[in-house]
Amino acid sequence: WQTLEKALVLTPSSFGLQPWKFIVITDPALREKLKPASWNQSQVTDCSHHVVFAVKTALPPSEVDRYIESIATTRQQPADSPSLAGLKKMLTGFLETPGFSVTEWATRQAYIALGNFMTSAALLGIDACPMEGIDPKKYDEILGLPALGLTTAVACPAGYRAAGDKYATLAKVRYPASEIIEHR
């Protein structure tokens with residue numbers, strides 16, 4: 001599991017801003033509460049780890065400052081260096097673009113993390129099931145996310161495949177590569 005968490009932490013994001021929090025739910029009682037908010041899909045309670053990909057609903061200037069400070073500390077350079085000052089100005093301008101929605105942008109970033117998580121899980125022989133079939137507002141309420149400035153984007157149950165999983169041996173239904181990949 002630590003490898004999957006590391007995959008989440010190392011997931012790239014636009015500008016490196018990491019506008020997310022990954023909530024790993026292993027508590028069976030909490031997963032049971034989330035099941036009705038997941039259209040009663042059994043994966044939520046059958047899995048060993050239910051990951052909720054939550055995203056920030058706002059990125060105020062203090063978040064940009066925190067990120068610049070983190071870069072400066074990690075890379076051992078002054079936070080007021082010309083390169084970091086330029087990055088800060090660019091990030092601030094991006095986030096203040098008229099009509100820009102932090103939540104919409106952050107949700108797209110969360111899907112990058114979801115893909116990274118699922119690929120990593122597959123390489124480790126762990127099943128993962130992306131779930132948009134959830135009620136994000138109910139998830140938010142159950143998990144207390146609004147108070148944290150977060151909202152649910154998507155969820156993904158993960159765990160080892162059950163021995164009797166009838167779908168495990170079925171052929172994957174995919175369009176031919178010639179129809180979905182174009183070389184130019």
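View 1. Arg66 is exposed, with a relative accessible area of 55%, where exposed means over 50% relative accessible area, buried under 20% and partly exposed in between, with a 1.4 Å probe and protein chains only. This is a predicted model, in which local features need pLDDT of at least 70 and side-chain atom pairs count only at pLDDT 80 or more, while totals for chains, interfaces and linings use all residues. Residues are numbered from 1 along each chain as its sequence is written, and side-chain values use heavy atoms, with hydrogens and water left out. Arg66 forms a salt bridge (a side-chain nitrogen of Lys or Arg within 4 Å of a carboxyl oxygen of Asp or Glu) with Glu63, and the closest N and O atoms are 3.5 Å apart. The two residues, Arg66 and Glu63, stand 3 residues apart in helix α4 and are thus separated by about one helical turn; helices (H or I, at least four residues) and strands (E, at least two) are DSSP runs numbered from the N terminus. Lys56 joins Glu63 and Arg66 in a network of salt bridges.

**View 2. Two salt bridges between separate parts of the chain.** A search of the whole structure finds 5 salt bridges, and one of them brings together the side chains of Asp65 and Lys88, at 2.8 Å from N to O. Because Asp65 lies in helix α4 and Lys88 in helix α5, this pair ties together parts that are 23 residues apart in sequence. Asp65 is partly exposed at 37% relative accessibility, and Lys88 is partly exposed with a relative accessible area of 35%. The side chains of Arg161 and Asp127 also meet in a salt bridge, at 2.8 Å from N to O. Here the pair links distant parts of the chain, with Arg161 in the loop between β4 and α8 (177-180) and Asp127 in strand β3 (residues 127-128), 34 residues apart.

**View 3. The largest nonpolar core.** A nonpolar core is a set of buried Ala, Val, Leu, Ile, Met, Phe, Trp, Tyr and Cys residues joined through side-chain atoms within 4.5 Å. The largest such core has 31 residues, of which Leu8, Phe22, Phe53, Leu87, Leu91 and Phe117 touch the most other members. Two or more residues come from each of α1 (2-9), β1 (20-25), β2 (49-56), α4 (61-75), α5 (82-95), α6 (102-123) and β4 (150-159), and the largest share, 8 residues, comes from α6. A second, separate core of 14 residues includes Val52, Met131, Ile134 and Leu143. Leaving aside its neighbours within four places in sequence, Leu91 is in contact (heavy atoms within 4.5 Å) with Phe15, Leu17, Val64, Tyr67 and Ile68.

**View 4. Aromatic pairs that meet at Phe117.** Rings of Phe, Tyr and Trp (its six-membered ring) pair if their centres lie within 6.5 Å, and planes under 30 degrees apart count as stacked, over 60 as edge-to-face and the rest as tilted. By this rule the count comes to 8 aromatic pairs. The rings of Trp1 and Phe117 have their centres 5.9 Å apart and their planes at 70°, so this pair is edge-to-face. Trp1 lies in the segment before α1 and Phe117 in helix α6, so the pair ties together parts that are 116 residues apart in sequence. Trp1 is partly exposed at 27% relative accessibility, whereas Phe117 is buried, with a relative accessible area of 0%. Phe53 and Phe117 form another edge-to-face pair, 6.1 Å centre to centre with 75° between the planes. Trp1, Trp20, Phe22, Phe53 and Phe117 form one aromatic cluster.

View 5. In helix α7 (residues 136-143), Tyr139, Asp140 and Leu143 are buried. Seen down the axis of α7, these buried residues fall within an arc of 100°, so they line one face of the helix; the arc is that of the directions from the helix axis to the C-beta atoms. The face of α7 turned away from the buried side carries the exposed residues Lys137 and Glu141, while the buried residues of α7 pack against β1, α2 (28-34), α3 (43-46), β2 and β4. After α7 comes Gly144, whose phi is positive, near 65°.
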